[in-house]
Amino acid sequence: MADSAPADAGAQVLDAGALLPPAAHPHSVRMIHTSDVHVGTGHMRDESGREEALHFLETIMRAAVDLDADVVLIAGDFFDNNRVKEPLVAETAGILNEPEVPVVILPGNHDPHMADSVYERFGHHFAAHVHIFDDADGTLFSLDDLGVQIWGQAHTSYDDFSPAGSSPDWRSDSEPPLWRIAMAHGSAVGFDGRLSFGYRIEEEHLSDLEAHYVALGHLDRHGQTGPPGTTAFYSGAPSLLKGFTLVDLRPHGVHVQPILFDALERGQVPAR
Ligand SMILES: [Mn+2]
C-alpha cells in the first residue's frame, strides 16, 4: 500500500476545462470520490481499524449531504475482504442507505464480486439507490436524472485482470449529453513511479475510456495520473488522506480537490 504523505492535500483546485471534449454539458454535477475504505479490516482482538473505517464512511456520507453531492463513487476495496460478517455489512449498508444520495460501488481485488462474496451473500441489505458493478467486462449505469453515466469493470475473482481495458459503450442518445464517468481499481503505470505490478492500467487505457473523469482506486495516495487529455485521479484512501476527493463537473471544466475531514470540521465548506 502507499506510504507517502498526501503532500498535495488541501485547497488545490485543478481546472481541467481545456481537456474537455467539445460537447455541450450545460448541467453541473457534484461527486464525492473515495476508495479503499477497507470496512472490516483488523483482527478479532483489534477492531480499531474496523471502527475507524466505519467512522470515515459516516463522515463521508454526512459530507455528501452537507456538500449537496449528487452521487458518491467508491472505487474498490470498499470491504477489506469477503469474509466480513452479515451484521457489519448490514451496518455498513445502513450508512449508505439512509441519506438517499446515489452511491456507486466498484468491487476491488479485496472484495471481488463472486460466489460467496459480501455482495452475493448480503447485497440485499443495500437500498436501490446503491449501485454495485458485477461484471468484469464492464457495465454502464445510466443516472439520467443526474445527467451522468458511469462505467466500471468489477473485480470478479482474485486473479489478475485488466481493470480498464474494455471499451465503454457510452450512451450518446441523450440530449443534453450525459457526462461520462469511468471507475477502475488497479495500478496506473507511472503513478508514484510504479512499473511492475498486477491490475495494470496502461496510459492508453485511460485515454481510450474517453471519460470526462476517471475515478481510480487501489493506490492509497491522492493524486492525478494519466496522459494529457485525460482527467484521472486516485481519491486517496480515507485512512491515509483523512479525507476524500470532491469532483465538480461544470460546463466549463472539471474541478477536482481533496477535502480533508479536519477542514470540514472547521466549517471550511467549498462553495457549490
Ligand atoms: Mn486494491
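Which residues are exposed on the other side of α2? In the predicted model described here, the residues exposed on that side of the helix are Pro-87 and Gly-94. The buried residues of α2 are Val-89, Thr-92 and Leu-96. These three cover an arc of only 65° around the axis, which puts them on the same side of α2. The cover over the buried residues of α2 includes α1, β4 (103–105), α3 (118–122) and β5 (130–132). The length of α2 was also examined: at 1.5 Å a residue its twelve residues should span 16 Å, and the end C-alpha atoms are 16 Å apart, which agrees.

The protein as a whole contains six helices and 15 strands. Of its 272 residues, 44% are buried. When contacts between residues at least 6 apart in sequence are considered, 70% of them join residues at least 24 apart.

Buried positions in α1 are Ala-53, Phe-56, Leu-57, Ile-60, Met-61, Ala-63 and Ala-64. Viewed down the axis of α1, the buried residues fall within an arc of 155°, so they line one face of the helix. An α-helix has 3.6 residues a turn, so residues three or four places apart point the same way. On the other side of α1, the exposed residues are Ser-48, Glu-51, His-55, Val-65 and Asp-66. The elements covering the buried residues of α1 include β2 (29–34), β3 (71–74), α2 (86–97), α5 (238–241), β14 (243–250) and α6 (261–265). Asp-68, which follows α1, has a positive phi, near 60°.

Strand β14, one of the elements that cover α1, has seven of its eight residues buried, so it is largely enclosed by the rest of the structure. β14 pairs with β2 in the antiparallel sense over five bridges, and Met-31 stands opposite Val-247 of β14. β14 is also joined to strand β15 (residues 253–260) by eight bridges, the two strands running antiparallel. Together β14 and β15 form a hairpin with two residues between them, and Arg-250 stands opposite Gly-253 in β15. In general, strands of a sheet pair through backbone hydrogen bonds, either parallel or antiparallel.

An open sheet of six strands was also identified, with the order β6-β7-β8-β11-β13-β12 and mixed pairing. Its edge strands, β6 (139–143) and β12 (223–225), each pair on one side only. From one strand to the next, the twist averages 25°. At one end of this order, β12 and strand β13 (residues 232–234) are paired in the antiparallel sense over three bridges. Gln-224 has Phe-233 of β13 as its bridge partner.

The largest nonpolar core comprises 64 residues, and those with the most contacts inside it are Ile-32, Leu-73, Ile-74, Met-183, Val-214 and Leu-216. The element that gives the most to this core is α1, with seven residues. Leaving aside residues up to four places away in sequence, Leu-216 touches Ala-75, Ala-184, Ala-188, Ala-232, Phe-233 and Tyr-234. In soluble globular proteins, nonpolar side chains tend to be buried together.

The peptide bond from Glu-175 to Pro-176 is cis, with omega near 0°, and Pro-176 lies in the loop between β7 (148–152) and β8 (179–185). Asp-36, in the loop between β2 and α1, has a phi near 55°, a positive value in a residue other than glycine. Asp-36 counts as buried because it has 29 C-beta neighbours inside 10 Å, the threshold being 20 or more. Glu-210, located in the loop between α4 (203–208) and β11 (213–217), likewise has a positive phi near 55° and is not a glycine. With 15 C-beta neighbours inside 10 Å, Glu-210 counts as partly exposed.

Methods. Residues are numbered from 1 along each chain as its sequence is written. This is a predicted model: local features need pLDDT of at least 70, side-chain atom pairs count only at pLDDT 80 or more; totals for chains, interfaces and linings use all residues. Helices (H or I, at least four residues) and strands (E, at least two) are DSSP runs, numbered from the N terminus. A residue is buried if 20 or more other C-beta atoms lie within 10 Å of its own, exposed if 12 or fewer, and partly exposed in between; C-beta atoms are placed from the backbone. Two residues are in contact if their C-beta atoms, placed from the backbone, lie within 7 Å. Two strands pair if DSSP finds at least two bridges between them. Axes are lines fitted to C-alpha atoms, for helices over the stretch in contact, and angles run from 0 to 180 degrees between N-to-C directions. The arc is that of the directions from the helix axis to the C-beta atoms. A nonpolar core is a set of buried Ala, Val, Leu, Ile, Met, Phe, Trp, Tyr and Cys residues joined through C-beta atoms within 7 Å. The expected span of a helix is 1.5 Å times one less than its number of residues.
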